[in-house]
Amino acid sequence: MTDAPAPASDDAKAAPQSRWARLDPLAMLMGLGFAVLWSSAFTAAKFVVADAPPFLALTARFAVAGALACALAAAMGQSARLTRRQWGLVVIFGLCQNSLYLGLNFLAMTRIDGGLAAIIASTLPLFVAAGAWAFLSERPSRIGAVGLLLGFAGVAVIMGARIEGGADPLFVGLAALGALALAVATLVVRGVSPGANVLMIVGLQMLVGGLGLAPFALAFESVADVTWSLPMLLGVGYSIFFSGILATLVWFLLVRRIGPTNAAAFHFLNPCLGVAVAAALLGETLGPRDLLGVAIVTVGILLVQLFVAKSKDKDDP
C-alpha cells in the first residue's frame, strides 16, 4: 500500500501530484466504492436485526471480522507492534465507529427504516467540518461551505418526507448520536498514520469494538433470541466481509489520501444509495422528494470536490 501523496515541492514532478492529489480518479473511485459499501450496510443491518439482537449480532460480527483481518494482515507481513499513538487510534476508532456508531445504528434500526438510518448517517460531513474547524484550524471556504450546506439541504428534503411518515424521535436521535461518534473517529484518523499496518489496524479496531459492545450484549440480550434464518446469515456475512473489512479498509486509505473533511463528503451519497438499496430489497418507498434530494446532494459533493482542486491549484507553485 502506498503512502498518502506528498505535499507540493520545487520538484517539477511533485507539482502535478499535489495539484490533483485530492481530486484524482483513484480517490473518486475509492469514494464511490466506499459509499456503495457503506450505504448497502444499512439494508444488510435491517435483515440482521429482524432476526437477531443488535448488540449480540455486532459483537459476533466484530469478533469474526477482526480475527480474519488480523490473520490476513499477519500473512501479508503486517505487524501488531504499533506506536502508542497508533494504539490510541485503534482504541478510539474502534470504540467510536464500531461500538458507538454501529451499535447505536443497529439499535435504532430495530425501530426506523434502513433508508432513514442512511440519511441520518450522511450528516457526518457537517460534524466533521465543525470539528475540523474547532480542533484542527481547518476553516471551510465559502464555496466549500455552500457545498456542505447544499448536501445537508438535500438530506433534509429526503428526511422530511420520512419523518412525515412517523419516525420514532428517540431512535432517530440515537442514530444521530452515532453519526457524531463517527465524526470523532474520522478526525482521529487524520492525526495518526497507520503506516504500513493498515489492515492490521482495521482488524484490531474491530476487536476493540466487539469488546466495547460485549458487556451490553451479555447483560441485555441472549442467543436464545436469535432466529437462524437465511436472510440474517447472509446479512451477517455481507456485514463482515464487505461493509466491515473492505469498507473500513477503503475508508482508512481514502482519509489518508484526501483528508477527513473531503472524504466525509462522500457520505452525502448515503441518502440516495441507502434509500435506493432499501427500496429495492426491503420495499421501502422511493418518492419524488427522495429523487429531488439526490440531485441536491450530488451538486453539493461536486462543489466540495471541485473547490478543493481549485484551492490546491492556487497553492501550488
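**Helix packing around H3**

The crossing of H3 and H9 is left-handed; a crossing has this hand if the near helix is turned anticlockwise from the far one by less than a right angle, and is right-handed if clockwise. The structure is a predicted model, in which local features need pLDDT of at least 70, side-chain atom pairs count only at pLDDT 80 or more, and totals for chains, interfaces and linings use all residues. Residues are numbered from 1 along each chain as its sequence is written, and side-chain values use heavy atoms, with hydrogens and water left out.

The axes of H3 and helix H9 (residues 198–220) come within 7 Å and cross at roughly 155°. Axes are lines fitted to C-alpha atoms, for helices over the stretch in contact, and angles run from 0 to 180 degrees between N-to-C directions. H3 is therefore roughly antiparallel to H9. Angles over 145 degrees count as roughly antiparallel, under 35 as roughly parallel, 65 to 115 as roughly perpendicular and the rest as oblique. By class, the contact of H3 with H9 has 21 nonpolar, five polar and no charged residues. Here Ala, Val, Leu, Ile, Met, Phe, Trp, Tyr, Cys and Pro count as nonpolar, Asp, Glu, Lys and Arg as charged, and the others, Gly among them, as polar.

Helix H3 (residues 54–75) also packs with helix H10 (residues 230–258). Their axes lie 10 Å apart, at an angle of about 60°. The two helices are therefore oblique to each other. H3 passes H10 in a right-handed crossing. On the H3 side, Arg61, Val64, Ala65, Leu68 and Ala69 take part. They meet Ser239, Ile240, Phe241, Ser243, Gly244 and Ile245 in H10. Contact means heavy atoms within 4.5 Å. By class, this contact has seven nonpolar, three polar and one charged residues.

Leu230 also lies in H10. Leu230 counts as exposed because its relative accessibility is 59%. Leu230 and Asp51 are 179 residues apart in sequence, yet 9.9 Å apart in space, C-alpha to C-alpha.

The chain as a whole has 13 helices and zero strands. Both are DSSP runs numbered from the N terminus (helices H or I, at least four residues; strands E, at least two). Of the 317 residues, 52% count as buried; buried means under 20% relative accessible area, exposed over 50%, and partly exposed in between (1.4 Å probe, protein chains only). Among contacts between residues at least 6 apart in sequence, 92% join residues at least 24 apart.
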